[in-house]
Amino acid sequence: MQSINSMELVSANNFSLEQLTHAYNQTRIDYVVPMPMNVSRLREYARIYDIDMGCSWIAKNGDVLYGLGMLGVRPNRAWITRLGVLPNGRRKGTGRCIMEALINTAVQQNLNSVWLEVIKGNAPAHKLFSKLGFVETRDLIVARRPPQTNSDIGFGENILQVTTLDHEDALILLSHRKSRPNWLNETESFHNVNNLSGLLIELKNGGRGWVTYHAGLLQLTRIMVEVISGDPVEVTTALLNVLHDRHKRQDAITENLLDDAIWTGFQKAGYFESFRRIEMINEL
Ligand SMILES: CC(C)(COP(=O)(O)OP(=O)(O)OC[C@H]1O[C@@H](n2cnc3c(N)ncnc32)[C@H](O)[C@@H]1OP(=O)(O)O)[C@@H](O)C(=O)NCCC(=O)NCCS
């Protein structure tokens, strides 16, 4: 336990998931992008993203939980998430104290770096992170595509072959990606997800690529594309057109895409940008 004036910092594993969920939601009631949690979503979130509640911190004053911040821990690196302070408790140093506790915890664990993301336009959080030594690495795009049940997607003439992939195939492909994924999309995250699916396509002009995803009843999530050969825009668009032809009724969401040719392919397949995050790193 650490103390700052009348405020105490207590490790998050002293609280129930119900208490943590309530505290998180209270700190986010005025958040730029509404993302309310419930207990089962927080449990899943913590499991998939390797959140260590013993390394995460709650700021409390008596019975009131004023703020919180969680630490994901993977080999050599940590990730800060769910940071928030109650609106009426802000600008008193609590956010900074939670952040320092999280960073110190990562140092004590002998980790080399701490990552985080901040939504573009969240100036208070960005300023706090910059003051603490975090530097920007890249923009990440969160995008959606509504279902288009009535439309004829119109593809096919340029496709030579489509191969359906199972969960294990998807994990193998994901573990051999060329570019560095963000924490949410790291292979460790996908190992914690059930029932991934995938498609590998080959175009007549030699273009090849794959898409992996999780198909829920109403939503496709965790959509990842990699282009092996050919024009990245063309191959991505073809992959996504095949995917959405097979899943006409589902809404689709993809998180933390890079702003590159693959994103152009996503846009051509009907995706639009919901918001952007800025990825930041603090090398310890
Ligand atoms: C971001 C947040 C956690 C900061 O918590 P806080 O307790 O108010 O932060 P602190 O009082 O420790 O502020 C530390 C520094 O951050 C910066 N900062 C914090 N709030 C700021 C604001 N509204 N405007 C400009 N700078 C701000 C300042 O540099 C501040 O230092 P200063 O007070 O000496 O000027 C809080 O605003 C919050 O909960 N926001 C909603 C949830 C959120 O955005 N979480 C982060 C998601 S990535």
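Biologist: Hi! Let's start with R82: buried or exposed?
Modeller: R82 is buried, because 23 other C-beta atoms lie within 10 Å. A residue is called buried if 20 or more other C-beta atoms lie within 10 Å of its own, exposed if 12 or fewer, and partly exposed in between, with C-beta atoms placed from the backbone. This is a predicted model, where local features need pLDDT of at least 70, side-chain atom pairs count only at pLDDT 80 or more, and totals for chains, interfaces and linings use all residues. Residues are numbered from 1 along each chain as its sequence is written.

Biologist: Where does R82 lie?
Modeller: R82 is part of strand 5. Helices (H or I, at least four residues) and strands (E, at least two) are DSSP runs, numbered from the N terminus.

Biologist: And what is the phi of R82?
Modeller: R82 has a positive phi, near 60°, and is not a glycine. Most residues other than glycine have a negative phi.

Biologist: What about N195, what is its phi?
Modeller: N195 is not a glycine either, and its phi is positive, about 55°. N195 sits in the loop between helix 6 (187-191) and strand 9. With 10 other C-beta atoms within 10 Å, N195 is exposed.

Biologist: Which strand holds G198?
Modeller: That one is in strand 9, residues 196-203. G198 counts as buried because it has 23 C-beta neighbours inside 10 Å.

Biologist: Which residues does G198 contact, leaving aside neighbours within four places in sequence?
Modeller: The partners of G198 are L165, D169, A170, L173, W210, V211 and T212. Two residues are in contact if their C-beta atoms, placed from the backbone, lie within 7 Å. For G198 and L173, which are 25 residues apart in sequence, the C-alpha atoms are 9.4 Å apart in space.

Biologist: Let me zoom out. How many helices and strands are there?
Modeller: The protein has eight helices and 13 strands. Of its 284 residues, 36% count as buried.

Biologist: What about the overall dimensions?
Modeller: Along the principal axes, the C-alpha atoms fill a box of roughly 70 × 35 × 30 Å.

Biologist: Which domains are assigned?
Modeller: Domain 1 covers 2-111 and domain 2 covers 143-280. These bounds come from an automatic or database domain assignment. The C-alpha centres of domain 1 and domain 2 lie 32 Å apart. Their contact takes eight residues from domain 1 and seven residues from domain 2. On the side of domain 1 that touches domain 2, helix 2 (39-48) and strand 4 (64-74) each supply at least two residues.

Biologist: Now the ligand. How many residues surround it?
Modeller: There are 21 residues around the ligand, and the closest are R90, G95, R96, P124 and L128. Two or more shell residues come from each of strand 5 (77-85), helix 3 (94-108) and helix 4 (123-131).

Biologist: One more topic, helix 8. Which of its residues are buried?
Modeller: I262, W263, G265 and F266 are the buried residues of helix 8. Seen down the helix axis, they fall within an arc of 155°, so they line one face of helix 8. That arc is the one of the directions from the helix axis to the C-beta atoms. What covers these buried residues includes strand 7 (135-145), strand 11 (219-229), helix 7 (232-246) and strand 12 (251-257).

Biologist: And where is K268 found?
Modeller: K268 is in helix 8, residues 261-268. K268 counts as partly exposed because it has 15 C-beta neighbours inside 10 Å. Not counting residues up to four places away in sequence, K268 touches V233 and T237.

Conventions
A residue is near a molecule or strand if its C-beta atom, placed from the backbone, lies within 6 Å of it.
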